[in-house]
Amino acid sequence: MKEAKSIIEAYRKVNFSTQKAALATVMRVHGSSYRRPGARMLMTDDGRWTGAISGGCLEGDALRKARQAILNNRPSLVTYDTMDDNSATSLGVGLGCNGIIDVLIEPINELDIFNSIHLLEKFVEKGELAVMATVFDSSIAENPYQGQRFLLNGLGEKYSTIGHANLEALIAADAQKAFVANRPAICQYTVDDAMVEVLVETLHPGIQLVIFGGGFDAAPVTSMAKNLGWAVTVTDDCIAHLGAKRFPDAENVTLCQRDHVSTDIVFKRFSAAILMSHNYKYDYAVLKELIKNPPAYLGIMGPKKRFDKMVDQLKEEGIYPGDAWAATVHSPIGLDLGAETPDEIALSVIAEIQAFFNNSKGGYLKHLDGPIHDRSAYDDRLLNNIYEQLNATGSKKGKA
């Protein structure tokens, strides 16, 4: 969401009477890459860009390709081979990322109300999970559908520039499945005896973080979350804790009485709530309200025995939801980083929430048996074929 907002903001500042713009989007990755499918970069013909498609090594060449796409007034698919250091000599850098990256570069027509940036705007405006499908490759040399898109949001609204009814129907069916899978996929369709490849990606609305308690240690949590593009709300039932100057990075700073939490605070699919007032009575009262209106993630600051006391009190009052519910509560909150200071604790908390919504355990990457990012069996087979061909021919020349 943060990158999408930055790209939209940069797009709105482009003076199209004197400038031209293009969008580069990572469509497919075989092997390893710094960015994954769906990464975007807006470029203007004066050499400026917003966003990124790599760790900084491909952007300069993509800018040159963008100028050519603008000149030709049509999208192009560019393949970067970073299988080893020697394969990237044409770019003037040694990448060695062990991957092949397909990037769609398309000129932006500011008069097209359904251009790729305007579709991103529609996603951001709604703030809901959405699926975007982009046609990027075909078995025929002149792909009439390249760059056409289909957007479906969680409210059931759709926007499409797909110029083929059967292709749009096939994409729409896979877009519905993507809401459940919540991960990018390359879909292949046969249209008029031609094979068409489409990136179907999930557009994440970003995490909504609600912090209950306006203490001094809530400020670094707010700042880190804001830097990630999360929407942060800080709330308390004491007005003295909610000075705007204390939380300049919060999207909302609001007074909410503890017994109104279940009605005044609205949680979404990607909502996280943190109880960190250090006031036991306040945190317990809010916890009882959150049982009625649970967020996806709930964390409580403090030692385990503090939450155990809350559980005992819930049992005494006859409102304990059960051990299955208690197991979902993150208390003590945060990853085990050895954190001591408020900033370190904030890092621990934010890291755990990020791991939770990405379904990750948050351990050392070096202990993973497989790749950092999920890869399909199709990608693994293709990458193995590429390695076999390289070994058979002895050729390691890249293309870009």
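Glu110 is partly exposed, at a relative accessible area of 29%. For that term, buried means under 20% relative accessible area, exposed means over 50%, and partly exposed is in between, with a 1.4 Å probe and protein chains only. I start with this residue and then go through the helix packing.

First, the basis. This is a predicted model, so local features need pLDDT of at least 70 and side-chain atom pairs count only at pLDDT 80 or more, while totals for chains, interfaces and linings use all residues. Residues are numbered from 1 along each chain as its sequence is written, and side-chain values use heavy atoms, with hydrogens and water left out.

Back to Glu110. Its place is the loop between β5 (99–107) and α3. Helices here are DSSP runs of H or I with at least four residues, strands are runs of E with at least two, and both are numbered from the N terminus. Which residues does Glu110 contact, leaving aside its neighbours within four places in sequence? They are Tyr11, Phe16, Asn115 and His118, where contact means heavy atoms within 4.5 Å. Tyr11 is 99 residues from Glu110 in sequence, and their C-alpha atoms are 9.3 Å apart.

Helix α1 (residues 2–12) and helix α3 (residues 116–126) have axes that come within 10 Å and cross at roughly 130°. The axes are lines fitted to C-alpha atoms, for helices over the stretch in contact, and the angles run from 0 to 180 degrees between N-to-C directions. α1 and α3 are therefore oblique to each other. On that scale, angles under 35 degrees are roughly parallel, over 145 roughly antiparallel, 65 to 115 roughly perpendicular, and the rest oblique. The crossing of α1 and α3 is left-handed: the near helix is turned anticlockwise from the far one by less than a right angle, and clockwise would be right-handed.

On the α1 side, the contact is made by Ala4, Lys5, Ile7, Ile8, Tyr11 and Arg12. α3 contributes Ile117, His118, Leu120, Glu121 and Val124. Sorted by class, there are seven nonpolar, one polar and three charged residues in this contact. Nonpolar covers Ala, Val, Leu, Ile, Met, Phe, Trp, Tyr, Cys and Pro; charged covers Asp, Glu, Lys and Arg; the others, Gly among them, are polar.

Next pair: α5 and α10. The axes of helix α5 (residues 218–227) and α10 come within 8 Å, crossing at roughly 50°. That makes the two helices, α5 and α10, oblique to each other, and the crossing is right-handed. Pro220, Val221, Met224 and Ala225 of α5 meet Pro342, Asp343, Ala346, Leu347 and Ile350 of α10. This contact divides into eight nonpolar residues, no polar and one charged.

From α7 the contact takes Tyr280, Asp283, Tyr284, Leu287, Lys288 and Ile291; from α8, Arg306, Phe307, Lys309, Met310, Gln313 and Leu314. The classes come to seven nonpolar, one polar and four charged.

Now some backbone details in loops. His278 lies in the loop between β14 (271–275) and α7 (280–292). His278 is not a glycine, but has a positive phi of about 70°. Its relative accessible area is 51%, so His278 counts as exposed. Asn73, in the loop between α2 (59–72) and β4 (76–81), also has a positive phi, near 55°. Asn73 is exposed as well, at 61%.

Where is Pro332? It is found in the loop between α9 (323–328) and α10 (342–357). The peptide bond from Ser331 to Pro332 is cis, with omega near 0°.

Cys238 is partly exposed, at 27%.

Last, the whole chain. Its secondary structure comes to 11 helices and 15 strands. Of its 400 residues, 47% count as buried. Among contacts with a separation of 6 or more, residues 24 or more positions apart account for 61%.
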